[in-house]
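Here's a quick briefing to read with the model open beside you. Take a look at the fold, then work through the points by topic.

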Amino acid sequence: MSAGISGKFANFVVKMKKIDNATVQRILEAADIVEVVSDFVALKKRGANYVGLCPFHNDRSPSFYVSKAKGMCKCFSCGEGGSPVSFIMKLEQLSFTEALRYLAQKYNIQIEEREMTDEERRAEGDRENMLALNDFAMRTFEKNLKDTPDGRDIGLSYFRYRGISDAMIERFHLGYALDSRDAFFNAAVGRGYSEQYLFSTGLCTRTDDGRVYDRFRGRVIYPIFTLSGKVVAFGGRTLSKEKKVAKYVNSPESDIYLKRRELYGLFQAKQAISKAQKCILVEGYMDVISMHQAGVCNVVASSGTALTVEQVRLIKRFTSNVTLIYDSDAAGIKASLRGIELLLQDGMDIKVLLLPEGEDPDSFAQHHSSTEVEEYIRDNETDFISFMARILMKGAANDPTRRAQVITRVVKTIALIPDEITRSVYIQECSRILFMDEDVLRREVGKYYNEFRLKSREEQQRSEAFTTAPSAPSPDSAAVPEPGMTQEAVPDTQADSGHRRFLRTYEMAIARLIAKYGNYAFADGIDDEGNVVPMTVLEYIESDLAADEIGFVNPDLAHFFEEAQRLSRYTWDADLARRREELEAQRGIEFAAGIEEIRRKATDTGSISAMERTLRETVDANYAHGLEDFSSAYLARQMCSSPDDSVRNLASDLVVERHILSKVHTKYAKVETEQELLDELVPRALHELKDAILWTRLQDARKELAACASDYDSAIALMQRMKEIENARSELAKLIGDRVIVPRK
């Protein structure tokens with residue numbers, strides 16, 4: 001449920017409505033891939049594209065490319081990426097509709113909705129309802145804090161006592177849960193929210209005897225947000241003095257909340273982190289809030305737990321520089337070392353800051369100005385390895401066993417650092433701190449470094465072996481259709497998964513041309529009345545495959561082909577007409593502005609006529625280019641933003657270029673674009689698919705011949721069939737341009 005929807009039938013309204021197609025198109029056209037990705041990843045311009053660290057895997061060097069012109073992003077390491085919609089869906093684990101709503105809100109687009117079908121209602125799932133309930137809970141807790149006597153007297157008084165301003169209360173959406181057994185439960189049920197989600201989010205619990213309790217009753221509330229601002233969990237602090245009452249209670253993990261994947265305050269801090277190119281890591285909620293109040297906004301908290309791999313990756317989306325702030329509690333520092341080692345292993349530059357005796361980030365920020373806090377951080381932060389060595393060596397100087405253990409621990413930590421120069425610098429520094437021979441430390445670091453690399457390589461190989469292992473033939477594996485037999489007519493008993501995998505390469509080549517250029521008119525055709533009409537790439541492929549009565553044998557590619565046909569038949573005409581209207585309006589504006597400019601600059605009638613003629617040619621060319629660009633990119637944009645997971649993921653893989661042309665080639669030579677070569681590439685791709693199909697039939701015929709060698713008549717028929725196939729392949733070879741065709745198996 002989007003923010004602002006309320007009332008008894010709130011859930012019902014959300015589940016019954018779906019964004020209409022016209023609104024979807026406005027959202028897709030408005031979404032700028034660079035702007036969308038920049039909200040989550042620090043991008044740098046590189047040529048015509050942008051590049052940054054991939055948010056989907058442990059990226060040590062920038063491999064995530066963003067193309068503004070194509071409206072696509074792609075990681076050339078892990079393969080993730082896609083359109084603005086698919087990027088948001090994957091990154092934030094949102095449904096298609098949720099991602100569209102996110103983009104609509106970002107670009108201030110009014111949502112127009114239509115009634116959903118039964119299937120669409122079921123597809124919305126539990127996640128949206130849980131997020132909607134959490135949003136309602138957050139607003140209820142906020143209202144309690146400000147508008148109820150207990151909220152003001154207890155919750156608000158506590159925040160005032162802690163020195164928190166109204167601006168920070170509003171920014172972090174702080175609240176208060178009434179000290180009543182089931183006040184929130186009753187309020188939520190009364191507003192139409194399902195009991196199922198009250199328990200699955202952890203907002204309420206039920207005892208064995210059936211009694212319901214509000215989890216956060218009598219506590220001040222700290223909502224926990226995702227990067228995109230969705231409320232996925234809450235932290236609640238008790239104000240009771242009873243020792244039996246837990247000081248903090250947090251939401252349990254659920255379908256929408258995994259603790260290891262969230263950092264408190266990152267939603268509020270992400271822009272400041274990117275701007276400062278530094279992330280300051282503290283421990284608790286109040287530490288973050290007080291630092292923000294002091295004007296130091298690039299601060300997040302691990303919420304009292306050791307750092308996880310997922311949290312490290314969250315930080316690295318924005319910066320590789322991390323400063324950890326500790327109070328003077330050495331025990332707490334030692335307990336957090338394991339999580340910090342993850343940062344080192346990721347190549348992060350880590351600094352450590354110890355606050356003065358008796359101070360924590362909250363109190364220090366409360367008692368100092370923004371300038372004083374920033375100056376203290378700058379002047380007192382130190383590198384982590386040296387800090388770690390000093391901390392661990394306390395109390396171990398006169399104990400040889402403990403000293404050896406400390407040295408081993410430090411050596412293993414240095415070995416985690418991927419950069420050789422950085423490792424060398426730390427070895428030199430630790431040699432001085434630990435009073436150890438530098439060569440001895442270097443040998444030990446080298447030993448552990450090689451062990452870590454070997455272990456990492458083995459883990460990667462195991463992972464790759466698992467993900468790429470050939471699967472057993474599925475029941476729906478389709479055999480290659482014979483002439484005159486459509487794909488649907490092939491009996492399941494003729495399935496041949498080997499042929500299907502072999503043909504996939506050739507089918508993918510055709511699917512890629514459909515995805516990238518499907519509605520682009522590249523050739524002329526003849527209609528039923530004998531008139532010459534433009535033919536699109538998709539129409540040409542449809543016609544050619546239908547003439548030979550063949551189809552895609554891989555189910556996902558067959559579905560992809562059908563979806564492209566559906567879009568072209570049912571949405572293309574309306575979308576093209578709308579785009580023509582927009583371009584015509586734009587042409588009129590450009591022409592009027594040009595005429596006004598001519599009137600100001602022209603000095604005689606002759607020059608006015610010439611300038612008007614040039615202007616008309618320019619605006620007409622812009623109009624034609626606009627239509628051409630819309631046509632060629634239409635299916636790519638639609639399919640890369642499809643609500644169908646298989647279509648969207650396949651389209652994203654097909655559309656994004658896997659290589660970038662060197663500047664040397666583009667500088668000194670005219671390079672023909674793929675679009676300019678479609679009249680050669682499309683027929684060739686179809687010929688190659690047909691040749692591959694013939695090759696598989698030839699292999700089948702040879703197997704049949706070997707099996708029936710004693711049956712003379714059958715053997716003669718098979719040999720005649722094989723000869724016909726070879727002749728057909730020879731004809732295709734002439735069309736393709738290869739003297740001998742040997743498809744790669």
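Let's start with helix α12, which is mostly covered: 8 of its 9 residues are buried. "Buried" means under 20% relative accessible area, "exposed" means over 50%, and "partly exposed" sits in between, using a 1.4 Å probe and protein chains only. Helices (H or I, at least four residues) and strands (E, at least two) are DSSP runs, numbered from the N terminus. Keep in mind that this is a predicted model, where local features need pLDDT of at least 70 and side-chain atom pairs count only at pLDDT 80 or more, while totals for chains, interfaces and linings use all residues. Residues are numbered from 1 along each chain as its sequence is written, and side-chain values use heavy atoms, with hydrogens and water left out.

**The whole protein**

- The protein has 745 residues, and 46% of them count as buried.
- Take the contacts between residues at least 6 apart in sequence: 67% of these join residues at least 24 apart. A contact here means heavy atoms within 4.5 Å.

- The buried residues of α12 are Tyr285, Met286, Asp287, Val288, Ile289, Ser290, Met291 and His292.
- Which strands make up the open sheet of 4 strands? The order is β8-β11-β12-β13, with antiparallel pairing. Two strands pair if DSSP finds at least two bridges between them.
- β8 (175-176) and β13 (248-250) are the edge strands, and each pairs on one side only.
- α12 (residues 285-293) packs on this sheet and touches β11 (219-225), β12 and β13, with its direction making about 75° with that of β11. For such angles, axes are lines fitted to C-alpha atoms, for helices over the stretch in contact, and angles run from 0 to 180 degrees between N-to-C directions.
- Strand β12 (residues 231-238) pairs with β13 in the antiparallel sense, over 3 bridges. Glycine 236 has valine 249 in β13 as its bridge partner.

- You'll find aspartate 362 in helix α16 (residues 361-366).
- Is aspartate 362 buried or exposed? With a relative accessible area of 6%, aspartate 362 is buried.
- Aspartate 362 and aspartate 287 are 75 residues apart along the chain, but their C-alpha atoms are separated by 4.3 Å.
- Setting aside neighbours within four places in sequence, aspartate 362 is in contact with Arg162, Met286, Asp287 and Ser290.

**The five-stranded sheet**

- Another open sheet has 5 strands in the order β15-β14-β16-β17-β18, and the pairing is mixed.
- β15 (299-301) and β18 (382-383) stand at the edges with a single partner strand each, so one side of each has no neighbour in the sheet.
- β14 (residues 279-282) and β16 (residues 321-326) run parallel and are joined by 3 bridges. Cysteine 279 stands opposite valine 322 in β16.
- Helix α17 (residues 370-380) lies across β14, β16, β17 (349-354) and β18, and runs at about 115° to β17.

**Cavities**

- How many cavities of 30 Å³ or more does the structure hold? There are 3. On a 1 Å grid over the protein atoms alone, a cavity is a set of points where a 1.4 Å probe fits but cannot get out, and lining residues have an atom within 4 Å of a point. Grid points are joined across faces, edges and corners, and a volume is the space filled by probe spheres set on the points.
- The largest cavity has a volume of about 80 Å³. It is lined by 12 residues, and the closest to its centre are Ile224, Tyr257, Lys259, Glu262 and Ser303.
- The lining of the largest cavity has 5 nonpolar, 5 polar and 2 charged residues. Ala, Val, Leu, Ile, Met, Phe, Trp, Tyr, Cys and Pro count as nonpolar, Asp, Glu, Lys and Arg as charged, and the others, Gly among them, as polar.
- The second largest cavity holds about 50 Å³ of space, and its lining divides into 2 nonpolar, 2 polar and 5 charged residues.

**Two loop residues with positive phi**

- Asparagine 108 isn't a glycine, yet its phi is positive, about 55°. Asparagine 108 lies in the loop between α5 (96-106) and β7 (113-115), and is exposed at 71% relative accessible area.
- Phenylalanine 435 also has a positive phi, near 55°. The loop between α20 (420-434) and α21 (438-468) is where phenylalanine 435 is found, and at 68% relative accessibility it counts as exposed.

Technical notes. On a 1 Å grid over the protein atoms alone, a cavity is a set of points where a 1.4 Å probe fits but cannot get out, and a pocket is an open set with protein on both sides within 12 Å along at least five of seven lines; lining residues have an atom within 4 Å of a point.
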